[in-house]
Amino acid sequence: MLRPSTQRYSVTRPLYSEDAFEDEHAKVYRKHKTFLHHVIQYFTCTSERAKNTAISLLPIIGWMKTYSFKEWLLNDILSGVSTGLVAVLQGLAFSLLASIPTWYGLYAAFFPVIMYFFLGTSRHISVGSFPVLSLMVGAVVTRLVPDEGLPANITAFEGLTKEEQRVLVSASLTFLVGLFQLGMGLLQVGFIVMYLSDTLISGFTTAAAVHILISQLKFVLGLTVPGFSGPLSIIYTLESVFTQITSTNIHDLVTSIVVMVMVLGVKEINDRFKSKLKVPIPIEIIMTVIACGVSYAFNFSENHGVDVVGKIPNTFESPIAPSLQVFQMAAVDAFPIAIVGFAVAFAVAKVYSVKHDYVIDGNQELIAFGASNIFGGAFKSLAASTALSRSAVQESTGGKTQVAGLLSAIIVLVVILGIGFLLEPLPKSVLGAVVIVNLKGMLMQVVTVPYLWKKDRPDCIVWVGTCLAAIFLGLDIGLAVGLGLELLTVVFRAQFPHCSVLANISGTDIYRDRKDYVNIYEPEGVKIFRIPSPIFFANIDFFRDKLKDAVGFNPLRILRKRNKAVKKMKKLLKKGELTLTSNGLQATCSMPIEESEDESNMEDLDKPTDYSDLPIQVNWNAELPANIQVPPVNIHSLVLDFSVVSFLDISALKGLKAAIKEFIRINVDVYIVGCDPYIIEKLRNCKFFDDEIKTSIFFLTIHDAMLFINESHPPKTVITSIINLIPSCK
């Protein structure tokens with residue numbers, strides 16, 4: 001904590017308006033490049049640029065040159081073996097979410113990893129299946145190939161079994177997801193992930209965890225539940241589960257409970273003693289081995305009706321061409337899958353890049369995952385991203401580079417080609433239990449809701465809205481709803497900012513909200529108004545309304561009243577009912593003269609007041625003759641603090657110009673302070689300045705403007721305690 005400083009500083013400099021500052025300090029005008037110049041530069045090829053492009057597209061070239069075999073290789077080997085074993089188990093488990101045979105989940109731990117090894121920029125994430133993505137793929141699979149009823153009318157389905165049809169849908173969807181990601185990467189739109197806030201992702205993944213939990217109940221309970229997709233699918237699934245609850249397979253239920261209790265307990269030990277454990281206890285793998293042994297010894301499948309993994313082919317299947325009809329039917333679903341997969345992977349990669357001090361490239365990550373999913377989709381793989389738990393294993397066991405990822409893929413290869421048969425008696429309830437245990441982190445995100453409600457309610461609304469929409473309407477619609485809510489909160493914050501009236505901290509050149517401090521005063525006859533946001537088409541009316549509230553009157557109404565009064569006085573002078581005396585204009589009769597309410601020519605009333613035929617200057621704050629009533633104006637200057645205004649659009653520019661002219665026409669001087677030079681340049685280019693609005697209204701700081709105002713309008717009351725600063729007023 002910083003101590004309050006006892007030091008003081010004193011600055012002596014001229015009073016600067018923007019014009020005066022530019023006159024004294026020459027501005028450097030840079031020539032802006034045209035769009036054609038950027039296009040030519042983009043397509044210009046040099047040897048240096050070709051080299052950089054090659055390194056950018058193949059990051060392996062960069063980090064392999066610095067690879068330390070002595071220091072890193074052993075760590076990568078240990079990490080690769082550990083990660084590979086976890087990847088095998090999670091691949092089998094997450095394939096259940098996609099409603100496809102379990103061994104295809106192993107393909108997601110092999111083919112995408114190979115491609116990412118060459119193209120990825122993260123050295124620590126473990127590429128492969130991710131439960132949320134698997135669930136989103138499963139929603140499309142069950143929609144096009146439902147458990148009950150006929151599949152979608154797709155030519156490529158002819159002659160295929162239901163399982164083969166589902167694999168075709170999954171592979172084609174994965175291929176399409178890869179095309180979307182690759183296209184976005186080539187178009188350099190990696191920044192798109194910035195529109196997915198941490199709050200939105202948290203709410204979305206929590207909802208996905210709820211979906212995953214519900215979808216695994218049929219495996220944990222040993223029930224046959226048809227797959228549902230679309231809005232309210234979670235309700236239909238729960239209804240089906242509870243109507244069959246009496247048919248629960250006790251062996252599946254007991255096995256699942258034992259696995260979940262053991263895995264949760266040991267994971268807690270791993271977390272608590274992670275500083276002392278060199279390698280986390282691989283409890284999931286241990287329980288899987290035990291479950292396989294027990295299931296095989298007691299023949300769970302035949303004797304107790306337990307659903308097991310079953311036959312795992314000891315070879316890779318031939319690659320297939322994706323179905324264009326699946327592309328057409330699943331394009332709307334593929335895009336959010338591509339975005340979510342990239343967003344999750346990028347978020348995890350960013351965590352480790354910061355921790356280990358290296359740079360990741362969002363656009364290159366899109367290209368890497370796009371190519372990985374295209375390659376994997378051709379070989380019937382699931383859509384790939386990363387999983388935080390698996391990546392944590394790869395990093396915590398000493399992994400230094402993607403060499404660990406490559407070795408994990410080799411472990412998966414050994415399982416597929418050599419020892420996969422050992423996993424055939426594994427109960428699916430064990431896989432379901434492993435999936436549920438891995439949901440703990442995502443489900444526990446719900447504890448952030450009370451914190452968000454206290455600290456940032458718009459963010460809380462985004463979290464809750466995204467979560468509920470994703471739970472009840474489906475993940476794809478939920479993501480769209482979340483993005484809509486997020487956009488609305490941004491618009492809401494910008495459209496309705498907390499505007500404030502500033503006042504001077506006594507004895508300083510500091511200006512703060514007048515409501516927040518005790519030793520603060522408002523300068524006499526001056527209002528200082530701050531709007532803390534950009535000004536654009538959506539908030540310009542709000543800005544003008546708040547400005548009227550701050551000054552306490554409507555300048556346009558005052559102007560119209562004054563113009564009516566001047567017209568009335570001119571008319572009475574012509575009739576001889578007003579005479580010029582030493583005290584000003586006086587009515588010759590005491591009869592009250594009613595003010596005309598003729599509003600037929602409103603445009604004339606909005607123009608500057610014409611005093612040409614009046615013999616004297618009218619004092620609008622004094623009593624007017626002939627019972628003419630015009631509201632008084634209690635300020636002579638208005639200061640607009642634009643120090644936090646980052647941009648103006650054309651609509652706002654027109655509205656601002658109209659508002660300033662309204663004040664100028666009722667003899668209120670307007671000054672704009674702290675305005676960005678680029679905004680001033682834009683105002684010049686857009687013909688903002690004219691005979692009424694001059695560039696001289698712009699000042700560098702509030703204090704510059706206040707010193708200038710005090711020279712023009714000396715205050716009536718002077719506080720001598722403020723030395724060399726603005727005199728204070730009552």
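This is a predicted model: local features need pLDDT of at least 70, side-chain atom pairs count only at pLDDT 80 or more; totals for chains, interfaces and linings use all residues.

As general background, nonpolar side chains in soluble globular proteins tend to be buried together.

To see the packing up close, centre the view on V412. Leaving out residues up to four places away in sequence, V412 touches G84, A87, V88, L106, A109 and F110.

## A buried glutamine

Is Q165 buried or exposed? Its relative accessible area is 9%, and the cut-off for buried is under 20%, so Q165 counts as buried. Q165 sits in helix α9, which covers residues 162-186. Not counting residues up to four places away in sequence, the residues that Q165 touches are V145, P151, F157 and L160.

Which strands pair with β9? One is β6 (residues 526-530), which pairs with β9 in the parallel sense over five bridges; here V526 stands opposite S637. Another is β10 (residues 669-673), which also pairs with β9 in the parallel sense over five bridges. Along that pairing, L640 stands opposite I672, and V639 stands opposite Y671. From β9 the chain crosses to β10 through helix α28 (residues 650-664), in a right-handed β-α-β crossover.

## On to β10 and β11

Four of the five residues of β10 are buried, so β10 is largely enclosed by the rest of the structure. Strand β11 (residues 698-699) runs parallel to β10 and is joined to it by two bridges, with V673 standing opposite F699. The chain goes from β10 to β11 through helix α29 (residues 677-685), and this β-α-β crossover is right-handed.

## Two positive phi values

Most residues other than glycine have a negative phi. S99 lies in the loop between α5 (69-97) and α6 (104-108). N667 also has a positive phi, near 65 degrees, and its place is in the loop between α28 and β10.

## Charged pairs

How many salt bridges does the structure hold? There are 22. One of them joins the side chains of D704 and R13, at 2.8 Å from N to O. D704 belongs to helix α30 (residues 702-712) and R13 to the segment before α1 (18-24), so this pair ties together parts that are 691 residues apart in sequence. D704 is buried at 2% relative accessibility, whereas R13 is partly exposed at 39%.

E22 and R684 form a salt bridge too, with their closest N and O atoms 4.0 Å apart. This pair links distant parts of the chain, with E22 in helix α1 and R684 in helix α29, 662 residues apart. E22 is partly exposed at 24% relative accessibility, and R684 is partly exposed at 30%.

A further salt bridge is found between D690 and K661, whose closest N and O atoms are 2.7 Å apart. D690 lies in the loop between α29 and β11, and K661 in helix α28, so the pair ties together parts that are 29 residues apart in sequence. D690 is partly exposed, with a relative accessible area of 24%, while K661 is buried at 16%. Through shared partners, salt bridges join K657, K661, R665, D690 and E692 into one network.

Conventions
Residues are numbered from 1 along each chain as its sequence is written. Side-chain values use heavy atoms; hydrogens and water are left out. Contact means heavy atoms within 4.5 Å. Two strands pair if DSSP finds at least two bridges between them. A crossover is right-handed if, with the strands pointing away from the viewer, the path from the first strand over the helix to the second runs clockwise. Buried means under 20% relative accessible area, exposed over 50%, partly exposed in between (1.4 Å probe, protein chains only).
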